[in-house]
Amino acid sequence: MQKNRPSWLLRCLRQLDSVLIRITSVTTILIIPFALLLCLQWPLREWVHAFSTQANDLAQLLFGIYVSVGITYATRMHAHLTPDVVARRYPGRVRSLLLKYVSIVIVLPWTVFILYASAPMAWQSIKQLEDFPDTFNPGYFILKISVFLFALLVLLQAVVDIFLPTASSPPAGDH
């Protein structure tokens, strides 16, 4: 099936897969400053008596970006919540077909809907450079962009899974 695809399309899909690998790999480092900021909130509030809300808001931004990219990373690693107890018993070919058809029937329509629904909200927030509602710290618009980023990355991963199933097809498992 893959042999019928033009070489330029395969090149583009491999390039897209490579970009997704880089994005998801690099973003994993965000967990370190996120954890550090969470740990610093109490000392900042109790000892320094300043900057705890800024640390909290920055941690929220990092977490939003981390989660929006982390869903795609988990999908690539086959580590997200799946009915793995049942699916691991299926042959690799069946799991690959399930991945392809679930991507077509469920993932693509939902991500397109999320992109459609979140685009106006994200765009409005960017135009206003929206602040956090409680603290008025800058950067809240980044959380709204993260929703759009999440849907875009999941959509691109679904495209890779549909048209280039060898890129991130499920592991064979124990038989």
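**Entry 1. The loop between helix 2 and helix 3**

I looked up phenylalanine 51 and found it in the loop between helix 2 and helix 3. The model is a predicted one. I noted a positive phi of about 70° for phenylalanine 51, although this residue is not a glycine. Is phenylalanine 51 buried or exposed? I read a relative accessibility of 53% for phenylalanine 51, so it counts as exposed, the cut-off for that class being over 50%.

**Entry 2. The helices on either side of that loop**

I then turned to helix 2 (residues 31-48) and helix 3 (residues 52-77), whose axes lie 8 Å apart and pack at an angle of about 160°. Angles over 145 degrees count as roughly antiparallel, and helix 2 and helix 3 are therefore roughly antiparallel to each other. I recorded the crossing of helix 2 past helix 3 as left-handed.

Which residues of the two helices meet? From helix 2 I listed Ile31, Pro33, Phe34, Leu37, Leu38, Gln41, Leu44 and Arg45.

**Entry 3. Helix 3 against helix 6**

I followed helix 3 to its contact with helix 6 (residues 140-163), where the axes come within 8 Å and cross at roughly 10°. That angle makes helix 3 roughly parallel to helix 6. On the side of helix 3, I found Gln60, Leu61, Gly64, Ile65, Ser68, Val69, Ile71, Thr72, Thr75 and Arg76 in the contact. Helix 6 contributes Tyr140, Ile142, Leu143, Ser146, Leu149, Phe150, Leu153, Val154, Gln157 and Asp161. I noted 11 nonpolar, 7 polar and 2 charged residues for the contact of helix 3 with helix 6.

I located phenylalanine 136 in the loop between helix 5 (92-128) and helix 6. Its phi is positive, near 60°, in a residue other than glycine. With 62% relative accessibility, phenylalanine 136 counts as exposed.

**Entry 4. The chain as a whole**

How many helices and strands does the protein chain have? I counted 7 helices and 0 strands, and along the sequence the pattern reads α-α-α-α-α-α-α. Of the 175 residues in the protein chain, 32% are buried. Among contacts in the protein chain with a separation of 6 or more, 74% join residues 24 or more positions apart.

Key: Residues numbered from 1 in each chain as written. Predicted model: local features only at pLDDT ≥ 70, side-chain atom pairs only at ≥ 80, totals over all residues. Heavy atoms only, no water. Axes fitted to C-alpha atoms, helices over the stretch in contact; angles between N-to-C directions. Helix = DSSP H or I, 4+ residues; strand = E, 2+ residues; numbered from the N terminus. Parallel < 35°, antiparallel > 145°, perpendicular 65-115°, else oblique. Left-handed = near helix turned anticlockwise from the far one by under 90°. Contact = heavy atoms within 4.5 Å. Buried < 20%, exposed > 50% of the residue type's maximum accessible area, 1.4 Å probe, protein only. Nonpolar A, V, L, I, M, F, W, Y, C, P; charged D, E, K, R; others polar.
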